[in-house]
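Subject: Structure handover

Hello,

Here is the structure for your set-up work. My notes follow below it; please read them alongside the coordinates.

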Amino acid sequence: MIKEYLGEFEETVLLLVAALQEDAYGAAIANEIESRLEREVNLSAVHVTLYRLEDKGLIKSTFGGATKERGGRRKRIYTITSAGMAMLKAMKEARITLWKMVPQLKIS
Amino acid sequence: MENARAIRLLRWFCPQHLREEIEGDLLQRYERDLKKYGEKRARKKLLWNVIRFCRPGIVLRHKPNFSRNNFYMLSNYFKVASRIMIRNKAYSFINISGLAFGITGAALLFLWISHEFSYDQFHADKHRIYKAWNRALENGQINCWDVTPRILAPTLQEEFSPVEAAISYAQWESKHLFIVGETRLLKTSGAFADPGLLTMFSFPMLNGNPAKAFENPNSIVLTESFAKQLFGDEKAFGETLTISQSGYSFEFIITGILKDLPSNTSFKFEYLIPFQFLESLGEKYTHWGNNSVATYVKLKEGNSLETFNDQIKDIVRKHYADGQHIEIFLYPLTKMRLYSRFENGIPAGGRIEIIRMLGILGICLVVIACINFINLSTARAQRRSKEVAIRKVTGAFRHSLVMQFLCESVLIAVGAGVLSILAVYLLLPFFNKLIGQHLVFSFGNLTSWGIALGFVLLIGLLAGSYPALYLSSFRPMGILKNSGIATSGKNTLRSLLVVFQFGFAVMLIISAMVIYKQIDFLQNREAGYSKDNLIYIPLTGDLEKNYLAFKNELMQREVAVSVTKTSAPITEQWSSTNSIEWSGKHPEERTDFERIFMDDRPSATFGLNIVMGRDFDLQQFPNDSSAAILNETALKVMNLDNPIGEIIDDDGREWRIIGVVKDFVFTSPFRNIEPIIIFGGKARWAFNEIYIKLNPVNDVRKSLSALNELTKKYNPEYPFEYHFADVEYAHKFANLKTTLLITTIFTSIAIFIASLGLLGLSTYLIEARVKEIGIRKVLGGSVLSIMKLLSMSSLKPIVLGIIVFSPLTWLSMNWWLNSYAHRITLSVWIFLVAGMALILIALLTIGVQTYRAANTNPVNSLRNE
């Protein structure tokens, strides 16, 4: 059973943290959402969501390296925790269960 | 750089632990946007992105700052602050005592103000209770007064459905002799009221049922302490007592004991008697022209005052043919104390104006004290600059320095606050006596402690914030290299603050002087009658029928030189009328004449000057009992060419004018002379007092004991009571004298605080100029010229303050004086004297310092260079 529920945007961000692995930090996630999902997103929204996910224990963070284009500021790299992974899986299963209930339309 | 500004904005609201990554991400985005859109748009986007970060999800992520480190720092700040305070004893003393004086003064004033605001606010239905007022056009002016006909309350109750209850209430100060067993007390502190009074207002009742207390006309309700006076420790409730008045005695049953009335109510009575009692004696007051009682009305829930006032406007017109010019309106009970002055029919403030002045006074006292703190702290910058520099070099952040300085100021404020609470506690009884109020500081009440603490902290922060920001802004490089900051005596803010301080002080000095002059002027006003050896006693009990014998014996034994019965003390108003008729009276004329009744030889007893005709003299002219004497003003109003022998008509009674006396001060020395008619002795019911001109040959004490003996003989039932006319006259000034005393006290406090500040300030300013003085002396400057130089720089803002604030004072004092019919005119010399006095005080304050500074050997101040 899923005890906590994630919003749609939270789920997207969590998925991207899982997908980007070593490269999962605020600006990169925002870029991915913009380029892959073709969706306008605000940086602050991504940050707030990341903090919230961290509060829930679904991701954890460490400081990564600094680059010149970042004005010497370090990145905060997020990695998904096993709780986060379990949550993603549980959500996916739930979706599939629901999808199975939808009468399959034949594509003609 | 624009970007730096955006980042600074971010840092302002963003929690520290999130700052680095967010900044990094923002800059990364900026770099991307720079390539994509060019610099201008990228910048805009950056700023916009920063602003978007100002959202609860980010801002509320501030971690609470109570880490152990912060606690250590805070305790360290306090430790350092207390060390600094102990090291600079004089500085701490000046600061703490100045603030303590200011806070104490302000606290006393604010206790007073809050007490004033609490008047009659404790009644449960206060928002539905109103007092009825009259509004009438008289001689071209709309007058308002709150004394109404007795018949008004029952009529309102009967004819208007929105009225829940309407009652009459009257305090006539009738002389009632209370008899319970052996106890006899003469009281005037009673009131007549309708039974509804006890249920309309929320006076707590200890015994008895408020709704049923006055079912019987012969019932009486006492206050707790009055019951104790009568019955001692025995139970009073349900007992009977006897009241005797003018030779009649009545039995009353005590049907209720009220808790003593709180000090914050406008009602002042010790016992209540129902109107039904008076009316059971036969007399019903149904005359609409006789304004004699106060009327209180409680409206039913949900009725608006405006619509109801519209409904009742014509009530007098409907019932009273002669009252076509009178309108009745209701005015809220909650405004009775502070907002009950009407000017031309429109509410025009009232006591609230005094309260506002007190509030301003309180705030100014605190501000003066805070200014001291600010001035002294900034002046001390020189001394603290090295400390600041060292702290900064060793890595102190600016905010931690600010914190440290704030801790110092809070510590000083708390010290002053503790002293003030102590002082308020000790001074409150004296202050209460002074202002004739009953203020309490509830020490058991958490809210008042909370307010006190909040107030003290606020003062600490307000006074401390400017010095903290100023002192923490020093750049360590300059200070350590040049051995000090460049302080000169020129600090605009500091000078401005001194201008304000001394401006306020000069305002207070002038006010005190003007009030003093005004009192002096009024006290020396020609009274028009002789108060020496003049005494009056109440005409009570058997004295009425034994009056002639009593008078004869007084004269025979040469205790008195002249004795006259009067309707009221000459210092009290008793009755007035605008319905006197005389030959040739203009039909529109509605001037009010004061009525007073005197039986025989008034000018002999009072020493009035007869300018026309003659005095009442019953021995020669028994007909004088239906005669009348006018004062000069009354004669002027009547405009009679030959007044002697003219007949005037007062509501159906005819009187013959036999004399005119010179104007004399009646009721109050503050008022203009009103037209007065002295009526003769025909109206037997009118007399209440006996004025006795004692024989000046005798010792007053001997005369009094003779008088005591005689009243005992002719009026054995009543205790002996007497008043000196001059004492009663002087009583009229009690209020004004209180004002003077309060102004003087607060003036002294303000001057003291300001001088304290000046002393501290000049000390530091001189210290900063020690080298300059040394060089001047080496180059041949004389002690006198150096003293002049130093004094001038301190005096300049003070003189400016005096010049700027004097016109303000002139306006406000003129406004105050305008409330007096007899007033002094403001003269320039008051301002000059006040200004000179203040400058002198200032010179004395800084004199020792400047003298010492000017006298120091330049070697001592210059050898360290």
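Y536(B) stands opposite H723(B), a residue of β28(B). Strand β28 (residues 723-724) of chain B runs antiparallel to β17(B), and 2 bridges join them. On pairing, the criterion is that DSSP finds at least two bridges between two strands. Helices (H or I, at least four residues) and strands (E, at least two) are DSSP runs, numbered from the N terminus.

Before going further, the conventions. This is a predicted model, in which local features need pLDDT of at least 70 and side-chain atom pairs count only at pLDDT 80 or more, while totals for chains, interfaces and linings use all residues. Residues are numbered from 1 along each chain as its sequence is written, and chains are lettered from A and ligands numbered from 1 in the order in which they are written.

Back to β17(B). This strand also pairs with β27 (residues 689-694) of chain B, in the antiparallel sense, over 5 bridges. There, P538(B) has E689(B) as its bridge partner. A residue is buried if 20 or more other C-beta atoms lie within 10 Å of its own, exposed if 12 or fewer, and partly exposed in between, with C-beta atoms placed from the backbone. In a regular strand the side chains alternate between the two faces of the sheet. Here L534(B), Y536(B) and P538(B) point one way, I535(B) and I537(B) the other way, and all are buried.

Next, the domains of chain B. Their bounds come from an automatic or database domain assignment, which gives domain 1 (2-59), domain 2 (68-119 + 351-485), domain 3 (126-336), domain 4 (488-524 + 731-865) and domain 5 (534-730). The centres of domain 2 and domain 4 of chain B, taken over C-alpha atoms, are separated by 23 Å. Their contact takes 24 residues from domain 2 of chain B and 24 residues from domain 4 of chain B; two residues are in contact if their C-beta atoms, placed from the backbone, lie within 7 Å. On the domain 2 side, the elements that give two or more residues are α6 (89-117), α13 (352-379) and α15 (398-435) of chain B. The largest share of that side, 12 residues, comes from α13(B).

Leaving aside neighbours within four places in sequence, L365(B) is in contact with G102(B), G105(B), A106(B), F746(B), I749(B) and A750(B).

Finally, chain A. It has 4 helices and 2 strands, in the order α-α-α-β-β-α from the N terminus on. Buried residues make up 30% of its 108 residues. The contact between the chains takes 15 residues from chain A and 18 residues from chain B. α2(B) gives the largest share of the chain B side, 11 residues.

Regards
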